[in-house]
Amino acid sequence: MIGMEDINRLKLVLVEKKKTGKWLAEQLGRDPSKWCTNVSQPDLVTLSRIAELLNIERRELINKSK
């Protein structure tokens, strides 16, 4: 898609925290692959849960807008 930017940093943060998408899927009970590739975005409740699991602030999962 033209003009689409990566909205979340989930894939990068997982690498930084030495966690995998499989680990996150096990924790959440759902597949995060579309979020990791920015095809779709998690809702705010899920985003908060991911931040909690990774022991980070929610804002660390989101790319800043320009």
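A search of the whole structure finds zero aromatic pairs, where a pair would need the ring centres of Phe, Tyr or Trp (its six-membered ring) to lie within 6.5 Å. The model is predicted, so that local features need pLDDT of at least 70 and side-chain atom pairs count only at pLDDT 80 or more, whereas totals for chains, interfaces and linings use all residues. Residues are numbered from 1 along each chain as its sequence is written, and side-chain values use heavy atoms, with hydrogens and water left out.

**Overall fold**

The protein chain holds four helices and zero strands, in the order α-α-α-α from the N terminus on; helices (H or I, at least four residues) and strands (E, at least two) are DSSP runs, numbered from the N terminus. For 66 residues, a compact globule would have a radius of gyration near 11 Å, and the 11 Å of the protein chain agrees with this; the radius is taken over C-alpha atoms, and the globule rule is 2.2 Å times the number of residues to the power 0.38. Of the contacts in the protein chain with a separation of 6 or more, 57% are between residues 24 or more positions apart, a contact meaning heavy atoms within 4.5 Å.

| Property of the protein chain | Value |
|---|---|
| Box filled by the C-alpha atoms, along the principal axes | roughly 35 × 20 × 20 Å |
| Accessible surface (Shrake-Rupley, 1.4 Å probe) | about 5,100 Å² |
| Part of that surface belonging to carbon and sulfur atoms | 53% |
| Buried residues, out of 66 residues | 30% |

Which residues of helix 2 are buried? In this helix, residues 21-28, they are W23, L24 and L28, where buried means under 20% relative accessible area, exposed over 50% and partly exposed in between (1.4 Å probe, protein chains only). These residues lie on the same side of helix 2, because they cover an arc of only 125° around the axis, as judged from the directions from the helix axis to the C-beta atoms. The buried residues of helix 2 pack against helix 1 (10-16), helix 3 (33-36) and helix 4 (44-54), while the face turned away from the buried side carries the exposed residues K22 and E26.

W23 also has K19 over the face of its ring, at 4.6 Å from the ring centre; this requires NZ of Lys or CZ of Arg within 6 Å of the centre and within 35 degrees of the ring normal. Just after helix 2, G29 takes a positive phi of about 75°.

**The loop residue V39**

V39 lies in the loop between helix 3 and helix 4, and counts as exposed because its relative accessibility is 62%. The C-alpha atoms of V39 and I7 are separated by 9.5 Å, although these residues are 32 residues apart along the chain.

Terms used
Rings of Phe, Tyr and Trp (its six-membered ring) pair if their centres lie within 6.5 Å; planes under 30 degrees apart count as stacked, over 60 as edge-to-face and the rest as tilted.
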